[in-house]
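My notes follow in the order in which I looked things up.

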Amino acid sequence: MSIQASVEEILEDTKKYSPYPEKVKLIAVTKYSSVEDIEEFLKTGQNICGENKVQVIKDKIEYFKNKNTDIKWHFIGNLQKNKVKYIIDDVVAIHSVNKLSLAQEINKKAEQSGKTMDVLLEINVYGEESKQGYSLDELKCDIMELKNLKNLNIIGVMTMAPFTDDEKILRMVFSGLRKIKDELNKEYFDNNLTELSMGMSNDYKIALQEGSTYIRVGTKIFK
């Protein structure tokens, strides 16, 4: 199946399974794809692509630099502090921020570049699979400092789901994330958190049904 056919299938699934498909953004994790694959993907009209290796981003940015292509790079993956300087000029959003120190580094680099970065807070809902994310108690300790970072725009929350085909567990994880989002919105964000994402799930259809607005579809598109 071509990339375009895969995207069309995903868009149909989005209409079928999501309670509000108009809010869903597809994120293509393109680590294993060629630049030609990305070109085909972009022809479908999707404009958010993701990478989880800095050097891959930079290689492909060079390729597209002189092309009249509306591509918005959205960085996905475990973003270590020492990588921020390499990507801050080339992406429009960071998929997850999991510690205040990382947020401060992103904010500093974004300020130097005159940018505002959209971010999702990575919250530990399910044990080991999200061990690098915030616990809710940790997040509450940091939240006012996070909100005061002028070049960071916190748009939502995400968590890492387990690699499992157990539908009950996946729905439980996402239900927990929604409850946390509602609590944060009520206490701290005046209902300004709009995005919800569950990373690494085996089944994007479940994520759609459970209200995710960011859907990672790299495996589906770039096999």
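Predicted model: local features only at pLDDT ≥ 70, side-chain atom pairs only at ≥ 80, totals over all residues.

Residues are numbered from 1 along each chain as its sequence is written, and side-chain values use heavy atoms, with hydrogens and water left out.

**Entry: surroundings of serine 197.** I placed serine 197 in strand S7, residues 195-199 (strands are DSSP runs of E with at least two residues, helices are runs of H or I with at least four, and both are numbered from the N terminus). Setting aside neighbours within four places in sequence, I listed the contacts of serine 197 as His95, Leu120, Val157, Met158, Thr159, Phe174, Leu177, Ser212 and Tyr214, where contact means heavy atoms within 4.5 Å.

**Entry: glutamate 183 and the H6/H7 pair.** I then turned to glutamate 183, which lies in helix H7 and, at 26% relative accessibility, counts as partly exposed. Apart from neighbours within four places in sequence, glutamate 183 is in contact with Leu136 and Lys140. I followed this to the helix pair itself: the axes of H6 (residues 136-147) and H7 (residues 167-189) come within 12 Å and cross at roughly 40 degrees (axes are lines fitted to C-alpha atoms, for helices over the stretch in contact, and angles run from 0 to 180 degrees between N-to-C directions). H6 and H7 are therefore oblique to each other, since angles under 35 degrees count as roughly parallel, over 145 as roughly antiparallel, 65 to 115 as roughly perpendicular and the rest as oblique. The contact is made by Leu136, Leu139, Lys140, Ile143, Met144 and Lys147 of H6 and by Ile180, Glu183, Leu184, Glu187, Tyr188 and Phe189 of H7. By class I noted eight nonpolar, no polar and four charged residues in this contact (Ala, Val, Leu, Ile, Met, Phe, Trp, Tyr, Cys and Pro count as nonpolar, Asp, Glu, Lys and Arg as charged, and the others, Gly among them, as polar).

**Entry: H5 against H6.** What is the angle between H5 and H6? The axes of H5 (residues 100-113) and H6 cross at roughly 5 degrees and come within 10 Å, and the two helices are therefore roughly parallel. I recorded Leu100, Ala103 and Gln104 of H5 meeting Asp142, Glu145 and Leu146 of H6, which divide into three nonpolar, one polar and two charged residues.

**Entry: H1 against H2.** H1 (residues 3-17) and H2 (residues 35-42) pack at an angle of about 45 degrees, with axes 8 Å apart, and that makes H1 oblique to H2. I noted Ile3, Gln4 and Val7 of H1 and Asp37, Glu40 and Phe41 of H2 as the residues that make the contact.

**Entry: chain totals.** Among contacts between residues at least 6 apart in sequence, 66% join residues at least 24 apart.

Conventions. Buried < 20%, exposed > 50% of the residue type's maximum accessible area, 1.4 Å probe, protein only.
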